[in-house]
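Let's take a walk through this model together, beginning with the whole and ending with a few individual residues.

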Amino acid sequence: MARCYSEAMPPRHPIPNIWLISDARNDAALEAALHRLPRGSGLIFRHYHLPSVTRAARYRQLARTARAHGHIVILSGSATEARRWGADGAYGKAARLGAGGRALRLVTVHSLRELARARRADAVLLSPVFPTRSHPGGTVLGPLRWRLIAAHARVPVIALGGMNPARAKRLKSRRWAAIDAFLR
């Protein structure tokens, strides 16, 4: 798989191998999970369930904890929002992110078509690899289809969807993200 950045200027941060994604159901365990993650991991802050002011306050709390442990922090939103919030980058659909400057742009991808639209991404989160609690009974890529799509990527690919350390090993992916895997 070719691994090159889509912009002439490389992002300010390297792409971490392990990512924790925030969600309403893992909120109470996020600080503990950030303590347990290997130094240099990443946090993708979503927290869509919170009103704007509360979401911003929770972001600041978690960003402090994450950075104290050497992690980078990505905001689910546009690159402009990420800059305004002091995030290290933005996460979302390709069309929503906008220009990233030196901030990381992580694009959510579910198919080859979406991968083609992620031209300005620094990395893509390709999902869902395995069944998830977020989308019970939903269609999954499975390891074979995930590998086939990932082979077309020109940027690092992060596996998402039912991921944990054992599944990352089975998938032979050093880069993976999860919501539930770090709750213990």
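The protein exposes about 9,200 Å², and carbon and sulfur atoms supply 56% of that area; the areas come from the Shrake-Rupley method with a 1.4 Å probe, and for residues only the protein chains shown count as cover. Please keep in mind that this is a predicted model, in which local features need pLDDT of at least 70 and side-chain atom pairs count only at pLDDT 80 or more, while totals for chains, interfaces and linings use all residues. Residues are numbered from 1 along each chain as its sequence is written, and side-chain values use heavy atoms, with hydrogens and water left out.

How far does the confidence go? The mean pLDDT (the predictor's confidence in each residue, from 0 to 100) is 89, and 91% of the residues reach 70 or more. Residues 1-9 stay under 50, although the model has 26 contacts beyond four places in sequence for them; a contact means heavy atoms within 4.5 Å. Where pLDDT is low, the predicted coordinates should not be read in detail.

Now for the overall build. The protein has seven helices and eight strands, which are DSSP runs numbered from the N terminus (helices H or I, at least four residues; strands E, at least two). A compact globule of 184 residues would have a radius of gyration near 16 Å, and the 15 Å of the protein agrees with that; the radius is taken over C-alpha atoms, and the globule rule is 2.2 Å times the number of residues to the power 0.38. Buried residues make up 49% of the 184, where buried means under 20% relative accessible area, exposed over 50% and partly exposed in between (1.4 Å probe, protein chains only).

The loop between β6 (123-126) and α6 (142-150) deserves a stop, and His 135 lies in it. His 135 counts as exposed because its relative accessibility is 56%. Thr 132 is found in the loop between β6 and α6 too, but Thr 132 is buried, at 19%, and touches Gly 161 and Gly 162, not counting residues up to four places away in sequence. Pro 128 also belongs to this loop, and a cis peptide bond with omega of about -10° joins Ser 127 and Pro 128.

Most residues other than glycine have a negative phi, and most peptide bonds are trans. His 47, in the loop between β2 (42-45) and α2 (52-68), has a positive phi near 50° and is buried at 1%. Lys 172, in the loop between α7 (165-171) and β8 (176-178), has a positive phi near 60° but is exposed at 71%.
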